[in-house]
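I opened this model to see how the chain is built and what surrounds the ligand. My notes follow the display.

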Amino acid sequence: MDEPATLYFTGTAGAGKTSFVRAFADWMQNAGYEATIVNLDPGSDATALDPAVDIREWVRLSDLQDEYGLGPNGAQVAAADMIALKIFDVKQAVDELKGDYVLVDTPGQIELFAFREASRAIVDALSGDRSLIAFLFDPALARTPSGFVALLMLSATVEFRFRLPMLNVLAKADVLSPEQMREIEGWSQDPGPLYEAVTRDAPTPDVQLSTEIFRAIEMLGPLGGVVPTSAKDGTGLEAFYQSVQRAFGGGEDLEPSHAPAPE
Ligand SMILES: Nc1nc2c(ncn2[C@@H]2O[C@H](COP(=O)(O)OP(=O)(O)O)[C@@H](O)[C@H]2O)c(=O)[nH]1
Ligand SMILES: [Mg+2]
């Protein structure tokens, strides 16, 4: 069998990463795929995740705080770097479990994953030929035009750091009204309406900054949509799976989802 595909889940604190990993693993299991959950959050207290491989076996936030008298932030930073030292133990534990997919939950605060040098070593060690990063959009941010733009930029920053394929996912879609969903969907497919919304939203916009940011967003290429999902009611888990397949499939499947349908 092929080596497993590795999916990393990241996003701002509280975006819904841990819940999504759990829900998606359950969905996969029901659909007949084997998914191994890896927890890389040393501060996680989510018992529901029930990871097969858990970084807390080697690095635990509360232990670091006690041992070194660190505050929560200092301990987080120390832990983020210590994970890199243990990553080959994690990798070995993952390799012992044969699965189709490895689902990696990352630390609650995105900067501990995206903005620490150690994270690159971690991702290099865990990734096989097929890896991607799912970036979860928190609807609390994604529903405002400037929040949505900020998330697009953050997602691009993560892509720039790791150079892995990215999938943008709208989490907790169940908390959004159908109108909000339509609006976000529109923004995710075309920078035009998004630019209009941002301009409408800000009474005294910094026109220069907005223009440059949108130039960058357009340069980043087709946004390709943001898959709406919900860990709560299961919305979009299958669609997410299909997006993962397309991302790994290559060839014509990589056409942006908003490309005109063939006649
Ligand atoms: N309504 C709703 N709430 C969710 C969903 N996913 C997560 N949450 C809630 O959002 C909060 C943060 O979720 P969590 O998975 O811990 O986020 P993380 O910090 O990104 O790992 C928790 O209170 C969850 O119960 C969802 O799909 N729908
Ligand atoms: Mg979490």
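These entries go from the whole chain to single residues.

**Ground rules.** I am reading a predicted model, where local features need pLDDT of at least 70, side-chain atom pairs count only at pLDDT 80 or more, and totals for chains, interfaces and linings use all residues. Residues are numbered from 1 along each chain as its sequence is written, and chains are lettered from A and ligands numbered from 1 in the order in which they are written.

**Whole chain.** I looked up the secondary structure and found eleven helices and seven strands in the protein chain. Helices (H or I, at least four residues) and strands (E, at least two) are DSSP runs, numbered from the N terminus. The C-alpha trace spans about 50 × 45 × 30 Å along its principal axes.

Buried residues make up 40% of the 263. A residue is buried if 20 or more other C-beta atoms lie within 10 Å of its own, exposed if 12 or fewer, and partly exposed in between, with C-beta atoms placed from the backbone. I also looked at contacts, meaning pairs whose C-beta atoms, placed from the backbone, lie within 7 Å. Of those with a separation of 6 or more, 75% join residues 24 or more positions apart.

**Helix α1.** This helix covers residues 17-30. Its 14 residues reach 20 Å from first C-alpha to last, close to the 20 Å expected. The expected span is 1.5 Å times one less than the number of residues. I list K17, T18, S19, F20, V21, A23, F24 and A25 as buried. The buried residues of α1 pack against β1, β2, β4, β5 and α11. Just after the helix, G32 takes a positive phi of about 95°.

**F9.** I placed F9 in strand β1. F9 counts as buried because it has 24 C-beta neighbours inside 10 Å. Leaving aside neighbours within four places in sequence, its contacts include K17, F20, V21, L103 and A134.

**Helix α7 and R163.** The 18 residues of α7 (residues 145-162) should span 26 Å, and the end C-alpha atoms are 26 Å apart, which agrees. Among the buried residues of α7 are F148, L151, L152 and F162. Just after α7 comes R163, with a positive phi of about 55°. R163 is not a glycine. It sits in the loop between α7 and β6.

**Buried or exposed?** I compared two loop residues. R163 counts as exposed, with 10 C-beta neighbours inside 10 Å. K172 is buried, with 24 other C-beta atoms within 10 Å. K172 lies in the loop between β6 and α8. K172 has a positive phi of about 50° although it is not a glycine.

Note on methods
Contact = placed C-beta atoms within 7 Å.
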